[in-house]
Amino acid sequence: MDILSDEIESVLFVSREVMVYQVPPRTSSSGYKAADWNVEQFLWKGRLRVLEIGSRCEIRLEDSSTGELFAQVNYATPWTQVEPVLDSSRYFVLRVEGEGGKRAYIGMGFQERGEAFDFQVALQSITKRSSNSSSTSANPSEPAKPIAPPKDYSLKEGQTFKISIPGRDRDREKKSNTPSSTASSSSSSISTGAGGGGLFSLPPPPPPGRKR
C-alpha cells in the first residue's frame with residue numbers, strides 16, 4: 001500500500017533567462033573566474049527557478065517554453081553547491097549531481113546584476129531558516145525554564161530592621177561605658193514605655209513641709 005504525502009512547494013526565485021557555460025578545470029584554489037570562460041558562447045539558455053519543497057531546496061534549470069528539465073541542483077548543507085566567481089557578481093558555478101552520484105560543474109550567468117542579487121538573497125533565506133530550525137530542534141525534550149517571580153522586599157506587618165552606622169555605634173558604646181553616664185541613666189531616667197522609645201528626666205522632689 002502506497003502512502004501519499006503532499007509536500008508544500010513554494011517558489012523563492014524565478015529568472016526567465018539565464019545562460020549556462022562550460023567551465024574549464026579550476027586553476028587556483030581561491031576560486032573560479034568568469035574571465036576564463038567564453039561568456040559570448042553559452043551552451044544553453046533557459047529559465048531558472050529556486051523551489052522550496054518541504055524541508056529541501058532545489059535549483060532547477062528548465063526550458064522556458066516546455067518546462068523540460070535541463071539540470072537540477074539539490075541545495076543543502078554545507079551549502080557548497082553554488083559558488084560565486086571571483087571577478088563578477090553575475091556569474092556562478094553550480095555543482096550538478098546526476099544519476100549514480102556523478103558530479104559536474106557548470107557556469108551560470110544572469111543578464112542583470114539585480115537578478116543575481118535576488119538569487120543570492122533566496123539562497124540566504126534557505127540557509128537562515130535551516131540554521132534556525134536546527135537550533136530549535138537541538139533539544140526538543142528540554143522544557144523551557146520558567147521565569148522566576150520578582151522578589152518582594154517590602155516589610156510585612158510587625159517586621160523591623162536595624163541600620164548599623166559604624167562611627168555612631170562606637171561613640172554610643174563609649175558613652176554607655178562611662179560611670180557617670182551609667183549612674184545618671186539608672187537614677188534619673190526612665191523609658192516612656194509603649195508610647196515612645198525616648199528617655200526623659202524626673203523633676204526634683206518638693207522641699208520639706210510643702211504639700212505635693
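This is a predicted model: local features need pLDDT of at least 70, side-chain atom pairs count only at pLDDT 80 or more; totals for chains, interfaces and linings use all residues.
Arg 90 touches Met 108, Gly 109, Phe 110, Gln 111, Glu 112, Arg 113 and Ala 116, leaving aside residues up to four places away in sequence. Arg 90 itself sits in the loop between β5 (82–84) and β6 (91–97). The points below begin with this residue, then turn to the whole chain, the sheet, and the loop between β4 and β5.

**Surroundings of Arg 90**

- Arg 90 and Ala 116 are separated by 26 residues in sequence, yet their C-alpha atoms are 5.4 Å apart in space.
- A polar atom of the Arg 90 side chain lies 2.7 Å from the backbone oxygen of Phe 110.
- The side chain of Arg 90 also makes a polar contact, at 3.5 Å, with the side chain of Tyr 91.

**The chain as a whole**

- The protein chain contains 3 helices and 9 strands.
- Along the sequence, these elements follow the pattern β-β-β-β-β-β-β-α-α-α-β-β.
- Of the 212 residues in the protein chain, 23% are buried.
- The accessible surface of the protein chain is about 16,400 Å², and carbon and sulfur atoms account for 52% of this surface.
- Among contacts in the protein chain with a separation of 6 or more, 50% are between residues 24 or more positions apart.

**The sheet of 7 strands**

- An open sheet of 7 strands is arranged in the order β4-β3-β2-β1-β7-β6-β5, and its pairing is antiparallel.
- Strands β4 and β5 form the edges of this sheet, since each of them pairs on one side only.
- From one strand to the next, the twist averages 35°.
- As a general point, the strands of a sheet pair through backbone hydrogen bonds, in either a parallel or an antiparallel manner.

- Strand β1 (residues 9–22) and β2 run antiparallel and are joined by 9 bridges.
- Within this part of the sheet, Val 18 has Gly 46 in β2 as its bridge partner.
- Strand β2 (residues 44–53) is joined to β3 by 7 bridges, and the two strands run antiparallel.
- Leu 48 stands opposite Leu 61, which belongs to β3.
- β2 and β3 form a hairpin with 2 residues between them, and Gly 54 in the turn has a positive phi of about 65°.
- Strand β3 (residues 56–62) is mostly covered, with 6 of its 7 residues buried.
- On to strand β4 (residues 69–75), β3 is joined by 6 bridges, again in an antiparallel arrangement.
- Glu 62 has Leu 69 in β4 as its bridge partner.
- The hairpin of β3 and β4 has 6 residues between the strands, and Gly 67 in this hairpin takes a positive phi near 80°.

**The loop between β4 and β5**

- Pro 78 is found in the loop between β4 and β5.
- The peptide bond that joins Thr 77 and Pro 78 is cis, with an omega of about 10°.
- Trp 79 also has its place in the loop between β4 and β5.
- Although Trp 79 is not a glycine, it has a positive phi of about 60°.
- Trp 79 counts as partly exposed because its relative accessibility is 25%, and the partly exposed class lies between the limits of 20% for buried and 50% for exposed.

Notes
Residues are numbered from 1 along each chain as its sequence is written. Side-chain values use heavy atoms; hydrogens and water are left out. Helices (H or I, at least four residues) and strands (E, at least two) are DSSP runs, numbered from the N terminus. Contact means heavy atoms within 4.5 Å. A polar contact is a pair of N or O atoms within 3.5 Å; within protein, one must be able to donate a hydrogen and the other to accept it, and residues adjacent in sequence count only if both atoms are side-chain atoms. Buried means under 20% relative accessible area, exposed over 50%, partly exposed in between (1.4 Å probe, protein chains only). Accessible areas come from the Shrake-Rupley method with a 1.4 Å probe; for residues, only the protein chains shown count as cover. Two strands pair if DSSP finds at least two bridges between them. Axes are lines fitted to C-alpha atoms, for helices over the stretch in contact, and angles run from 0 to 180 degrees between N-to-C directions.
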